[in-house]
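Thank you all for coming.

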Amino acid sequence: MRSLGVIKSYPNNPRVAKALITAAFTGTTFDVQHINLQTERDAEFYAKHPMGKVPVFESPEVNLFESSAIAYYAASQEHSRLLGFTAVDKALIIQYALFAENEIHGPASEWLLPLRGLRPYLKPNVDAAQEKVKRTLGALDKILLTKTYLVGEEITYADICVACALVPLFTLLLDKPLRDEYKNVTRYFRTLTGQKNFKTHLGDIALCETPLKYTPPAKKDAKKDAKPEKKEAKPEKKKAEKKPTEAAADDDDDTPKPAPKVKSALDLLPPSKFVMDEWKRMYSNNKTDVAMKWFWEHHDPQGYSLWRVDYKYNDELTLVFMSCNLIGGFFARLERARKYAFGSLIVCGKNNDNTISGYFLIRGQTIPEEVYDAADFESYTFTKIEPSQYDQKKDEIYKYMAWEVEGFQDGKIFK
Ligand SMILES: N[C@@H](CCC(=O)N[C@@H](CS)C(=O)NCC(=O)O)C(=O)O
């Protein structure tokens, strides 16, 4: 079979399978070269593929990124029947290709990645993703009520995109009772993945028996962050902070790139006499009363703002150590804000009846991109404490910094 060029990716990437299946239907193929995302995305790679994500495609004619474009390149080869023959069919095909990427693949990843430990687990987000998937599957089920294939009477590029996007759902998340709610989609998925070209590149698909569930990190991890001996234990907190118990957000199929050196808008603010690093050292190395005295003496209400922070879904929190892990996950996602923010978030209450709340000091007068861009930001309410309220709030802020709030169970310091 004629090779169209080389696809570079890590092994077993379903997005590559989509391209290979498409090629198989047009009597072509791709050479596949496995690369290590950690070590092999060098300057030469970025010169050809500025986005830096895989899969990418290279050939003398064209370099491509976006797996659907790579597969489309195969689908567009001479004598292909995959892209429809009328304007209507062509439009329908592109509709389903976009639907596969945006309405199936996206929400399915939001559901799956936290369960696989590749994103912080935030129950409201995972529940919302599940609802999005159900909406998609409901619509698809109606569409497929009277159809074998999505467009016309034979397999098109639309079916390849949709079936490939459904693979993680059908293998890891949709057990029999859920599949039974979407009988037409299930029939469709089995019909397609039973065909030779799909089997060659996806193997024999085993439908999900037990859906993947969230497994909280082992309890001993939580213990590492456990209650300090209040003030004397500050150095302990520091140690614990460096090891958030949430799994890192990425693995080899979503590897982090080195953080780009983008100048923050916060660096353009007028200089402040309050030096964040100095405060962080002060807080870490002194008893809270000494540290807070220093804080109020040096605080610069023009250069910095104080915020009360409350988790929005306290009634869904269960075990205290899991709540604390949520804080760890949030802090891990706030990495870009480290230079500009300091905060104490604590868990109060008991198992199955606890809350997350705290205080943050943030550079500038509004919530900066470095904070609101963190995936979990939406799960918290940030309420600004105006300078006129400082006197009234001083005592409460002290208690949050000293971890002396009534019902205190566990906490983390963002610094
Ligand atoms: N929409 C893109 C998604 C590509 C993508 O997200 N690739 C991930 C692996 S599945 C990646 O390369 N992640 C590494 C990174 O973000 O640096 C496509 O379909 O090709």
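Let me begin with a question: which residues are buried in helix α3, residues 67-75? This is a predicted model, so please hear everything that follows as a description of that prediction. In α3 the buried residues are Ser 67, Ser 68, Ile 70, Ala 71, Ala 74 and Ala 75. If you look down the axis of α3, these buried residues fall within an arc of 160°, and they therefore line one face of the helix. As a reminder of the geometry behind this, an α-helix has 3.6 residues a turn, so residues three or four places apart point the same way.

On the α1 side the contact is made by Arg 15, Lys 18, Ala 19, Thr 22 and Ala 23, while α3 contributes Ser 67, Ser 68, Ile 70, Ala 71, Ala 74 and Ala 75. Sorted by class, the contact of α1 with α3 has 6 nonpolar, 3 polar and 2 charged residues.

One of those residues deserves a moment, namely Thr 22, which lies in helix α1, residues 14-25. Is Thr 22 buried or exposed? Thr 22 is buried, since its relative accessible area is 0%, and the cut-off for that label is under 20%. Setting aside neighbours within four places in sequence, Thr 22 is in contact with Ala 71, Ala 74 and Ala 75, and also with Leu 82, Tyr 157 and Ile 160.

Glu 66, in the loop between β4 (63-65) and α3, has a positive phi of about 75° although it is not a glycine. Glu 66 is partly exposed, with a relative accessible area of 48%. His 79, in the loop between α3 and α4 (87-115), likewise is not a glycine and yet has a positive phi, in this case of about 65°. With a relative accessibility of 75%, His 79 counts as exposed.

A further backbone feature concerns the peptide bond from Val 54 to Pro 55, which is cis, with omega near 5°. Pro 55 is found in the loop between α2 (43-48) and β3, and that strand, residues 56-58, contains Glu 58.

Glu 58 is a charged residue by class, and yet it counts as buried, at 13% relative accessibility. Which side chains does the side chain of Glu 58 meet in polar contacts? One is the side chain of Lys 8, at 3.2 Å, and another is the side chain of His 49, at 2.8 Å. Apart from residues up to four places away in sequence, Glu 58 touches Gly 5, Val 6, Lys 8, Lys 48, His 49 and Asn 63.

Turning to another helix pair, α12 (residues 276-285) and α13 (residues 288-298) pack at an angle of about 160°, and their axes are 8 Å apart. That angle makes α12 roughly antiparallel to α13. In this contact, Glu 278, Trp 279, Met 282 and Tyr 283 of α12 meet Val 290, Ala 291, Met 292, Trp 294 and Phe 295 of α13. By class, the contact of α12 with α13 has 8 nonpolar residues, no polar ones and 1 charged.

One more residue, Val 126, lies in helix α5, residues 123-143, and counts as buried at 4% relative accessibility. Leaving out residues up to four places away in sequence, Val 126 touches Glu 110, Trp 111, Pro 114 and Tyr 121. Val 126 and Ser 109, which are 17 residues apart in sequence, are 9.7 Å apart in space, C-alpha to C-alpha.

Let me finish with the chain as a whole. The chain has 16 helices and 9 strands, and of its 415 residues, 49% count as buried. Among contacts in the chain with a separation of 6 or more, 76% are between residues 24 or more positions apart.

Terms used. Residues are numbered from 1 along each chain as its sequence is written. This is a predicted model: local features need pLDDT of at least 70, side-chain atom pairs count only at pLDDT 80 or more; totals for chains, interfaces and linings use all residues. Side-chain values use heavy atoms; hydrogens and water are left out. Helices (H or I, at least four residues) and strands (E, at least two) are DSSP runs, numbered from the N terminus. Buried means under 20% relative accessible area, exposed over 50%, partly exposed in between (1.4 Å probe, protein chains only). A polar contact is a pair of N or O atoms within 3.5 Å; within protein, one must be able to donate a hydrogen and the other to accept it, and residues adjacent in sequence count only if both atoms are side-chain atoms. Contact means heavy atoms within 4.5 Å. Axes are lines fitted to C-alpha atoms, for helices over the stretch in contact, and angles run from 0 to 180 degrees between N-to-C directions. Angles under 35 degrees count as roughly parallel, over 145 as roughly antiparallel, 65 to 115 as roughly perpendicular and the rest as oblique. The arc is that of the directions from the helix axis to the C-beta atoms.
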